[in-house]
Amino acid sequence: MPYQTVKGTYDLLPEKMKRFNELETLFRSFLEIYGYSEIKTPVFEYTGVFKKENDTSDMVTKEMYTFSVNDKDSLTLRPEGTPGVIRLIIENKLYGSMELPIKLAYIEEMFRHERPQKGRQRQFTQMGIECIGDKDPLIDAEVIALGYFYIKALGLEGVKVLVNSLGDTESRVNYKKELIEYFTPYKDQLCTDCQNRLLKNPLRILDCKIDHENPVVQNAPKMKLNEASEEYFSKVKHYLDVLGIPYEIDDKLVRGLDYYTDTVFEVVSTNEESGSQATIFGGGRYDDLVKEMGGPQLSGIGFAIGLERLLILADAEDVFPESEPYLDAYVINLCEESDQALKVASMLREEGFITELDYYHRSLKAQFKSSDRKKARFVIIIGEDEVKNETVTLKDTLTKAQEEVPVKELCERMDQLLEDYYE
RNA sequence: GCGGACGUGGUGAAGUUGGUUAACACUCUGGAUUGUGGCUCCAGCAUUGCGUGGGUUCGAGUCCCAUCGUUCGCCCCA
């Protein structure tokens, strides 16, 4: 096999890594402001954590990296964050030691065996939050707010918030049945995708791009939320209004994960750079997942932001100022010995100056070139004379003034020059 | 998983009725009398090599097949 990254994975080089970190740093500050605590779960779990009985989602049924070693238990690389967080809560019985709702967040790599595309990798990073323990429209709105205001704080413009309600478990199950009954006689008139979706996820038929003008689809029965869900959803919308978050109701918004109930939401980008993978973050409420995984009956809600997609947009909209290289000092060494240069560089670094020194004993010219390329503010030259006198030649690259300074006074002198300059 | 496009150096890329030394630009390295840079000038920079492996041909970066990867749309999702 050639030495190359495996399909759908990538290296993070310094420049991109830096912007990646900036996205994370801002996200972490939002977590702090909103009272979320960051956690980390293992990269792989027992397969059952992710795969529930009767799961129909593509993600679970055909995209998971599942393996076992020595025919032991089946393990799976995590394809999404929520189940691991819930496992963590249950296993550590956090509902007994933390005040409800439990507000947790993660920044973790996810793995899905999909066909790679722009904005869709096999290993990718999600930043997500989960708020578990209470069901209240206030929480739904606040969760959406954290994500939305984070995106806005980054400076992204072309974003749209979509919300919908799937109703509670009971009405959704009933609606599914109703749809299956309705569509089955017309099965032949649906596209092949939809014929497959019929039993697995009939809700998706309503959103089919091929069949959307098909009268059979258009005349399909509409989802009716029961009174409780209807009221819940309208409160969520009310709070979003209060928060000043613009949103659109999208009754086609279904979401592919099986466990969602009531509120679901997505933030999509209208920037064409994001191509067909326009969803920046998405999430929803899950009433039954905690119980299903062996915990108490606790409702939760959460979302996950795709870091790579976010970065595509951040770059497209140029939200990060280009970072310039910068050094406080570059130590030029003209002696055969490196001792003095090393000592001086070390002294500067101890004082907090960003410092580099020449490693190769190159020509003065070459060393000056390096220092210039690295945008060093001060150049410090050490030659035989300087070593003899216990001094260095200090050059300010902005004023181009040059002077001989005793080593002991170097840091002090640099501080003084900087102070004078910025006055 | 399905359908389409593409793959030449560190980078951007020329190179299409198959034919001698793979253009040009940038970056990088070295130099322009050995202690002063950012400009300019000069020189060097693709292991007979054009993602990889086969094939056709007197001869292939240019044609065919396979494979790996990227990308676009579908699907799905972050």
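How many bridges join strand 3 to strand 4, and in which sense do the two strands run? In this predicted model, strand 3 and strand 4 (residues 75-77) run antiparallel and are joined by 2 bridges, with F67 standing opposite L75 of strand 4. The two strands belong to an open sheet of 3 strands, which has the order 2-4-3 and antiparallel pairing. Strand 2 (44-46) and strand 3 (66-67) stand at the edges of this sheet, and because each has a single partner strand, one side of each is left without a neighbour in the sheet.

Strand 12 pairs in the parallel sense with strand 14 (residues 376-382) over 6 bridges, and the bridge partner of Y330 in strand 14 is V379. Strand 12 also pairs in the parallel sense with strand 13 (residues 355-357), here over 3 bridges, and in that pairing A329 stands opposite T355. Together with helix 13 (residues 339-350), strand 12 and strand 13 make a right-handed β-α-β unit.

The largest nonpolar core has 56 residues, of which I129, V143, I280, I305 and L310 touch the most other members. Helix 6 (residues 137-154) gives the most to this core, with 8 residues. Apart from this core lies another, of 20 residues, among them Y330, F378, V392 and M414. Returning to I280, and leaving aside its neighbours within four places in sequence, one finds I280 in contact with residues including I151, V159, I305, L310 and L313.

Helix 6 also holds L146, a residue that counts as buried because 22 other C-beta atoms lie within 10 Å. Leaving aside its neighbours within four places in sequence, L146 is in contact with F30, Y34 and I129. Although L146 and Y34 are 112 residues apart along the chain, their C-alpha atoms are separated by 7.3 Å.

The model also contains RNA strand B, which is surrounded by 54 residues, the closest being K7, K118, G256, G306 and G383. The residues of this surface divide into 13 nonpolar, 17 polar and 24 charged. Several helices and strands each supply at least two residues of the surface, including helix 3 (58-62), strand 6 (123-132), helix 12 (307-316) and helix 15 (384-389), while the largest share, 7 residues, comes from helix 14.

The loops on either side of helix 14 deserve a careful look at the backbone. Most residues other than glycine have a negative phi, and most peptide bonds are trans. H361, in the loop between strand 13 and helix 14, has a positive phi near 55° although it is a residue other than glycine; with 14 other C-beta atoms within 10 Å, H361 is partly exposed. K375, in the loop between helix 14 and strand 14, likewise has a positive phi, of about 55°, and is not a glycine, but K375 counts as exposed because it has 12 C-beta neighbours inside 10 Å. Elsewhere, a cis peptide bond joins L100 and P101, with omega at about -5°, and P101 lies in the loop between helix 5 (94-97) and strand 5 (102-111).

How values were computed. Residues numbered from 1 in each chain as written. Chains lettered and ligands numbered in written order. Predicted model: local features only at pLDDT ≥ 70, side-chain atom pairs only at ≥ 80, totals over all residues. Near = placed C-beta within 6 Å. Helix = DSSP H or I, 4+ residues; strand = E, 2+ residues; numbered from the N terminus. Nonpolar A, V, L, I, M, F, W, Y, C, P; charged D, E, K, R; others polar. Pairing = 2+ DSSP bridges. Right-handed = clockwise from strand over helix to strand, strands pointing away. Core = buried A, V, L, I, M, F, W, Y, C linked by C-beta atoms within 7 Å. Contact = placed C-beta atoms within 7 Å.
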